[in-house]
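Please have the sequence and the model open as you read.

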Amino acid sequence: MTRAFLVVMDSVGIGGAPDADRYFNSGVPDTGANTVGHIAQACAEGRAEEGRSGPLRLPNLDALGLGAAVRLASGIDAPGLEADPTGFWAAATEQSRGKDTPSGHWELAGLPVPWDWTYFPDTVPAFPEEVTQAVMKAAVTDGILGNCHAPGTAIIERLGAEHMRTGWPICYTSADSVFQIAAHEETFGLERLLKLCADIAPMLHAMRVGRVIARPFVGDPEHGFTRTPHRKDFAITPPSPVLTNWVQDAGRKVYGIGKIGDIFSMQGIGRNVKGPDAELMEHLKHRVAEAEDGSLTFANFVEFDSLYGHRRDVSGYARALEWFDARIGEVRATLRPGDLLVITADHGNDPTWAGTDHTRERVPVLIDGAGAGSAGLIAMADVAASVAAHLGVPAQGPGRSFL
């Protein structure tokens with residue numbers, strides 16, 4: 001038997017989505033957005049010098065085909081990413097209409113989203129009255145705070161003190177299909193926040209809102225507020241079996257790393273570990289060392305997106321890419337003969353772009369363990385079919401193996 005490791009670099013898009021003109025950031029269409037390409041250009045031009053310097057250096061990812069995938073997807077030559085690939089690579093196009101985490105991950109796992117998500121309007125209030133009343137009833141409060149679109153760090157700075165004074169949960173959303181609740185871990189209580197999100201999630205899911213997210217924080221008005229690592233996503237369960245189910249149903253082990261367990265509601269996943277990206281990389285290295293023959297390890301590294309993409313921090317994003325490249329080189333060095341390592345992404349989040357939301361882009365598919373070559377332009381769902389083919393398990397859905 002062989003093993004498979006599917007690693008998602010959250011938001012590391014490569015431009016070129018054919019329908020990008022239908023998606024917007026602050027009224028600007030996503031046409032031309034290119035997360036990797038524009039970061040590489042900024043680095044080469046000396047516009048990403050905070051905590052790093054010079055051209056973007058990603059020797060491992062570029063050797064696997066990252067620069068080539070950028071060129072194929074979008075026609076952009078990314079400075080510093082000019083290697084002749086020694087790995088197997090492709091550029092994948094999303095079919096689902098959302099440019100969000102569940103849409104991208106479900107499709108990578110073989111299931112294009114079969115419906116339109118519900119999005120809340122960028123108005124104040126943003127939420128229907130029945131949603132507000134349901135939250136108040138579940139939280140046993142006389143009101144909620146926020147009720148708007150907002151970045152998570154900004155809204156807790158703005159409303160954290162009032163939240164501590166009133167005990168009302170801070171409820172907000174974004175351009176994604178998401179309902180987020182921020183609350184203080186100590187004054188409101190972490191378990192109370194998690195129960196609140198669990199209690200209202202069925203109502204939101206019935207409305208086709210993709211995720212209810214608990215966003216705990218700590219701190220005080222004098223010293224400021226900080227989000228903690230105890231975030232939890234309550235996501236809609238995929239309506240059909242996905243890659244994790246296919247593998248588990250074949251009697252194999254499936255391990256989740258990072259947000260994977262939340263995204264798939266633990267469907268087909270035997271065990272999941274969470275934490276900051278540095279810890280998750282250690283978990284990935286451990287799984288490469290210890291995972292059983294025939295197993296699937298499915299990992300998400302979220303900090304590209306959460307810490308740098310949404311905050312439009314080009315230097316920070318470049319630093320994160322260079323950190324990941326060095327660490328994934330260590331992972332590659334310990335792969336066994338017959339292992340398959342697939343590195344991809346779920347959407348874009350161009351830190352040079354307008355607004356603060358995801359950008360509609362194609363994503364790279366970079367493979368170690370399948371020789372050298374290219375599958376060209378593929379569908380996102382082909383990733384799942386290819387991983388299943390490598391593991392020798394039956395696949396479902398529209399994807400086709402390119403291996």
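The model is predicted. The lining of the largest pocket divides into 14 charged, 12 polar and 11 nonpolar residues. Domain 1 (3-113 + 239-391) and domain 2 (129-235) both contribute to that lining, so the pocket lies between them.

**Largest pocket**
- This pocket holds about 820 Å³ of space.
- Its lining counts 37 residues, and those closest to the centre are Ser174, Ala175, Asp176, His310 and Asp357.
- Elements giving two or more residues are helix 6 (152-166), strand 6 (170-173), strand 7 (178-184), strand 8 (211-220) and helix 11 (303-309).
- Strand 8 gives the largest share, with three residues.

**Second largest pocket**
- Its volume is about 550 Å³.
- There are 26 lining residues, and Thr228, Pro229, Arg231, Val302 and Ser306 lie nearest the centre.
- At least two residues each come from helix 6, strand 8, strand 9 (224-227), helix 10 (277-290) and helix 11.
- The lining divides into 11 charged, eight nonpolar and seven polar residues.
- Domain 1 and domain 2 both give residues to this lining, so the second largest pocket also lies between them.

**Cysteines**
- The structure has zero disulfides.
- Cys148 is in no disulfide, and the nearest cysteine sulfur, that of Cys171, is 9.8 Å away.
- Cys171 is in no disulfide either, and the sulfur of Cys197, the nearest cysteine sulfur to it, is 8.4 Å away.
- Cys148 is buried, with a relative accessible area of 7%.
- Cys171 is buried at 0% relative accessibility.

Conventions. Residues are numbered from 1 along each chain as its sequence is written. This is a predicted model: local features need pLDDT of at least 70, side-chain atom pairs count only at pLDDT 80 or more; totals for chains, interfaces and linings use all residues. Side-chain values use heavy atoms; hydrogens and water are left out. A disulfide is a pair of cysteine sulfur atoms within 2.5 Å. Buried means under 20% relative accessible area, exposed over 50%, partly exposed in between (1.4 Å probe, protein chains only). On a 1 Å grid over the protein atoms alone, a cavity is a set of points where a 1.4 Å probe fits but cannot get out, and a pocket is an open set with protein on both sides within 12 Å along at least five of seven lines; lining residues have an atom within 4 Å of a point. Grid points are joined across faces, edges and corners, and a volume is the space filled by probe spheres set on the points. Helices (H or I, at least four residues) and strands (E, at least two) are DSSP runs, numbered from the N terminus. Ala, Val, Leu, Ile, Met, Phe, Trp, Tyr, Cys and Pro count as nonpolar, Asp, Glu, Lys and Arg as charged, and the others, Gly among them, as polar. Domain bounds come from an automatic or database domain assignment.
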